[in-house]
Amino acid sequence: PVTLWVRSGTACTRRCWGARTAQPDRVRKWLLDSGASCHLMDIKKVVAPGSRLRQTRNPKKVLTANGPLVLSQEVDTEIPALQEDITVLVTSGTPNVLSLGILCAKMGCSFRWDPFREAPVFFDPQGAEIRVWCDHYVPCFNPQEPPIMTDVAGGEVAGGQIGRAHV
């Protein structure tokens with residue numbers, strides 16, 4: 001497939017032409033990590049890895065608690081909560097992590113954690129809120145849970161289609 005980054009306002013979205021390989025994987029919880037420079041997924045969570053894993057063009061060297069590691073495999077995974085397919089690097093024994101910096105700077109998501117709140121708020125590129133909870137002060141979300149659609153006044157809309165604009 002051919003991958004192209006398309007700029008729309010301030011958001012940047014990946015579009016793929018050709019065979020679509022993304023599908024929902026076995027991830028029940030994604031961690032939102034402001035310290036991660038890439039998206040990571042445990043290989044055990046990949047559905048049909050034999051047909052979907054591929055070598056990345058630019059292997060990434062990372063320092064882990066267990067020492068240096070070279071990440072050379074990637075997969076496209078479907079994340080319905082974000083209404084996006086995302087390319088993640090794959091290795092064994094890693095938590096499933098999405099880089100908050102990439103999500104906000106390149107994909108147009110937004111994230112805010114107000115003082116003394118138990119959990120932050122996280123919005124997809126269309127402005128719909130993604131439900132987030134914290135596990136030991138680490139923001140997490142369920143990739144299968146649909147975004148919260150709200151009306152202009154901020155109330156939830158059952159089966160809504162348009163997310164509320166946010167600042």
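I began with the open sheet of 3 strands, whose order is β9-β10-β11 and whose pairing is antiparallel; strands here are DSSP runs of E of at least two residues, numbered from the N terminus, and two of them pair if DSSP finds at least two bridges between them. The edge strands are β9 (110–112) and β11 (129–130), each of which pairs on one side only.

Before going on I noted that this is a predicted model, in which local features need pLDDT of at least 70 and side-chain atom pairs count only at pLDDT 80 or more, while totals for chains, interfaces and linings use all residues. I also noted that residues are numbered from 1 along each chain as its sequence is written, and that side-chain values use heavy atoms, with hydrogens and water left out.

Within the sheet, I found that β9 and β10 (residues 121–123) pair in the antiparallel sense over 3 bridges, with serine 110 standing opposite phenylalanine 123 of β10.

Next I looked up β5 (residues 54–64) and β6 (residues 67–79), which pair in the antiparallel sense over 7 bridges and are joined by a hairpin through 2 residues. Glutamine 55 has glutamine 73 in β6 as its bridge partner.

I then turned to the nonpolar cores, meaning sets of buried Ala, Val, Leu, Ile, Met, Phe, Trp, Tyr and Cys residues joined through side-chain atoms within 4.5 Å, where buried means under 20% relative accessible area with a 1.4 Å probe, protein chains only. The largest has 22 residues, and those with the most contacts inside it are Leu82, Leu98, Leu103, Phe122 and Phe141. The elements that give two or more residues to this core are β3, β6, β7 (84–91) and α2 (100–105), α2 being a helix, that is, a DSSP run of H or I of at least four residues. The largest share, 3 residues, comes from β7. A second, separate core of 9 residues includes Ala36, Val62, Leu71 and Val97.

My last entry concerns the lining of the second largest pocket, to which β3 (30–33), β5 and β6 each supply at least two residues. The most comes from β6, with 4 residues.

Note on methods. Buried means under 20% relative accessible area, exposed over 50%, partly exposed in between (1.4 Å probe, protein chains only).
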